[in-house]
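Have the structure open as you read.

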Amino acid sequence: MAARIDALPASAGLWRFIILLALGGFFELYDLFQTGYISAGLVADGIFHSGSQGIFGIADQAAFASATFLGLFIGASVLSPFADKIGRRATFMYALLWYGVFSLGMAFQHQAEWVIFLRFMVGVGLGIELVTIDTYLTEWAPAHLRTRAFAFSFFIQFLSVPAVALMSWWLVPQTFFGLSGWRYVVIIGAVASLIIWLVRKGLPESPRWLLQQKRYQEARQVVQEMEQRCGMGEMPDFPVRDIAPTDLPPAKGTFKDIWSPRYRGRTLMLTVMNFFQAIGFFGFGNWLPALLSGKGASFTHSLLYAFFITLAYPLGSLICSRYADKMENKWQIVLSCLTTVIFGSLFAIQNNPVWLILCGFFITWSNAWLTYSYHSYQSEVFPTYIRARAVGFCYSFSRLSTVFSSIIIGLILQYSGSLGVIAFIVVSMLIVMFTIGVFGPATRGIDLEDI
């Protein structure tokens, strides 16, 4: 079956399937990047307060960001193993519905406590969703285009970032029909995600997961249907049984399995990597308008500058998709972090708007490069029976680190300015480079069962 999946051509049918998966990630990232853009609208409405006047004695924007990532941590670490238990497709659909409903509810709140609580609930659904997308895509993508599939998927997903930046620039300062603009930014994402939920009900289950559950006939059927979707015509039927069931790993893994001697080192490596890469990625992405304001740009101009900078997310992924399968994933992670270090250092010393946008563009491009390469990488290095559990556990540390780094960055920005925040990001990326460069295994072009 693995050979049949690896033989799938890069056809329109396969790319349509990848696009359908990516649309779920589009709204996941749309919701995620709202954090930095709608906070000003919440402050203008008198819902959020700055400094010690916030409900937890800190700025409500920091509590809002922390609640988001605490929810992401719970979703990724505690609930993502459901994708190993009930399947990739079912978990994918439930998570999409979950965060669409809670996001819509958040749009109509008038108290900081309820906004932050519902944001936490949205984060839980988002945490499940992205882990499930990674495992789903890894198990369907042929080895020869696995990383390219991730790069193209993130091109679709990252289109959400300039979309939310542009809508925030246009809507947040305004009021329509008695509703503040920030509410429309949230409503648009929530309603669209619920529409996509209806459109994607026909997605096939992962054949690798079906095989793991000993549902052989269903596994054969979905692979044959995908072959037809990819224009391969009539293919020979699978043998009734070509391996003994005892040769398969257990149908369901446990938390203990990710700490077995074979996978312990990978779990530790990816835990460290996720903890520190999130500081660089979300530290810059979520605080970009504030960093630009700290450089002297007005609020409106900082949102407009942020829009141009965030164009690098989809463009970077699209450009990188041309060579994504020509280099080991581990070295793509290292080089993308190095790019962030270089242009982050340059950003820290700029005040000219053109140079700020240019440096910010390259930091964002390198973040896009880092994102698709590490998402592909961490889902490759674990077997099917523990893939969602292991990826969710390691990935959850990126969310946990952001719970604390959101508060830390807020304090650094208050006392040390933009220069201190950039220094914090640069050091974090250097740690990622060392961890992956020294301890990461090679995966390029290797079948999942052999990594």
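## How α7 meets α17

In this predicted model, helix α7 (residues 146-158) and helix α17 (residues 353-380) have axes that come within 9 Å of each other, with a crossing angle of roughly 130°. The pair therefore counts as oblique, since that label takes what is left once the roughly parallel (under 35 degrees), roughly perpendicular (65 to 115) and roughly antiparallel (over 145) ranges are set aside. As for handedness, α7 goes past α17 in a right-handed crossing.

## Who touches whom

On the α7 side, the contact is made by R146, T147, F150, A151, F154 and F158. Helix α17 answers with A368, T371, Y372, H375, S376, S379 and E380. Sort the α7–α17 contact by class and you get six nonpolar, five polar and two charged residues.

## Zooming out

Stepping back to the whole protein chain, you'll find 18 helices and two strands.

How does the radius of gyration fit with a compact globule? For 451 residues such a globule would sit near 22 Å, and the protein chain has 22 Å, so the two agree.

## Burial and contact range

Of those 451 residues, 60% count as buried. And if you look at contacts in the protein chain with a separation of 6 or more, 83% of them come from residues 24 or more positions apart.

Key:
Residues numbered from 1 in each chain as written. Predicted model: local features only at pLDDT ≥ 70, side-chain atom pairs only at ≥ 80, totals over all residues. Heavy atoms only, no water. Axes fitted to C-alpha atoms, helices over the stretch in contact; angles between N-to-C directions. Helix = DSSP H or I, 4+ residues; strand = E, 2+ residues; numbered from the N terminus. Left-handed = near helix turned anticlockwise from the far one by under 90°. Contact = heavy atoms within 4.5 Å. Nonpolar A, V, L, I, M, F, W, Y, C, P; charged D, E, K, R; others polar. Rg over C-alpha atoms; globule rule 2.2 N^0.38 Å. Buried < 20%, exposed > 50% of the residue type's maximum accessible area, 1.4 Å probe, protein only.
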